[in-house]
Amino acid sequence: MELMPYGRPRPLGRTSIPEVVAALYALHDRAEDPRLDRFPEPEDLIGVLTYTGQQSAALRDALARAESTRLRLILVRHLRVALDVHELKAIHDGRSIMDGSKHVLSWAALAPMLGVDSRNGALLRAQRLEVAKDLDPEEQRTPEALRRRRAEAQRTALRHGELTAAVRKLLSLRHDLPDDPDLAEDLDDIAALVEVRRPSQRQQASLAARLRLLLRDIEDLPDFVAGRSTPLRRALGQVQKLVRT
């Protein structure tokens, strides 16, 4: 059985979950695992991980056990990505719950649910998830990939200049936004982020992620769309266009 070269794991995009589960089953089948009839259903990914961990000794061949380890870790990486997607969706759903013009779940209320100690911690967690969903953490470090990242960094820097100008315009119209305590704090935080000089690429991505969260919150406020002024509508539209391109 051929192993991947040390330090060069196969990217997730090229190895699907069904392929991983089927390969794990095949390893135990070839090893004549006496408990193979208890191998979980393919949809039960936690069960598959539990079984293959408990039955690793059934793979007597060293290379087979090493391959099983590799496959199990790939499956864990798939699960982490899926859990991040579900966590971000739950955050968005929670923030969309309204009681009149107020959010039922403020960022401070979400903090203990996310396992953090403060409102800022909850926002940082949501920001990280927003940024991560647009990245490819499994991209190989090839010269082509490095060139793409450099080109993307240049485009991001150009967009960031446009974005900060659009955000400053939006902040100048904040008096037209609804009177919401959470929204007011978000706007104060974003105003501080916009004033960072020479922001890193990570800081630029964080600002864009924070703005996406802000736009979602504004869209959730009842009766807001119909009541906003034309300048504010244009400012919101410009920010939305820049953070979603």
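These legends walk through several close-up views of one predicted model. Residues are numbered from 1 along each chain as its sequence is written, and side-chain values use heavy atoms, with hydrogens and water left out. Because the model is predicted, local features need pLDDT of at least 70 and side-chain atom pairs count only at pLDDT 80 or more, while totals for chains, interfaces and linings use all residues.

**View 1. The whole chain, to get your bearings.** There are 10 helices and two strands here; helices (H or I, at least four residues) and strands (E, at least two) are DSSP runs, numbered from the N terminus. Follow the sequence and you get the pattern α-α-α-β-β-α-α-α-α-α-α-α. Of the 245 residues, 37% count as buried, where buried means under 20% relative accessible area, exposed over 50% and partly exposed in between (1.4 Å probe, protein chains only). Take the contacts (heavy atoms within 4.5 Å) with a separation of 6 or more: residues 24 or more positions apart account for 68% of them.

**View 2. Helix H8 meets helix H10.** H8 covers residues 201–220 and H10 covers residues 230–243; they pack at an angle of about 135°, with their axes 10 Å apart. Axes are lines fitted to C-alpha atoms, for helices over the stretch in contact, and angles run from 0 to 180 degrees between N-to-C directions. The two helices are therefore oblique to each other (under 35 degrees is roughly parallel, over 145 roughly antiparallel, 65 to 115 roughly perpendicular, and the rest oblique). On the H8 side, look for Ala-208, Leu-211, Arg-212, Leu-215, Ile-218 and Glu-219; on the H10 side, for Leu-236, Val-239, Gln-240 and Val-243. The residues of this contact divide into seven nonpolar, one polar and two charged.

**View 3. Inside the largest nonpolar core.** A nonpolar core is a set of buried Ala, Val, Leu, Ile, Met, Phe, Trp, Tyr and Cys residues joined through side-chain atoms within 4.5 Å. Of the 24 residues in this one, Leu-163, Val-167, Leu-211 and Val-239 touch the most other members. Helix H6 (143–172), helix H7 (181–194), H8 and H10 are the elements that give two or more residues to it. Leaving out residues up to four places away in sequence, Leu-211 touches Leu-163, Val-167, Ile-190, Val-239 and Val-243. A second, separate core has 17 residues, including Ala-31, Leu-36, Phe-39 and Val-48.

View 4. His-92 sits in helix H3 (residues 62–95) and is buried, at 11% relative accessible area. Setting aside neighbours within four places in sequence, His-92 is in contact with Glu-130, Leu-213 and Arg-216. Thr-164 belongs to helix H6 and is buried too, at 10% relative accessibility. With the neighbours within four places again left aside, Thr-164 contacts Val-194 and Leu-207.

View 5. Arg-174 is in the loop between H6 and H7 and is partly exposed, at 29%. Beyond residues up to four places away in sequence, Arg-174 touches Ala-184, Leu-187 and Asp-188. Glu-32 lies in the loop between helix H1 (17–30) and helix H2 (45–54) and is exposed, at 64%. Its phi is near 55°, a positive value in a residue other than glycine.

Notes
Nonpolar A, V, L, I, M, F, W, Y, C, P; charged D, E, K, R; others polar.
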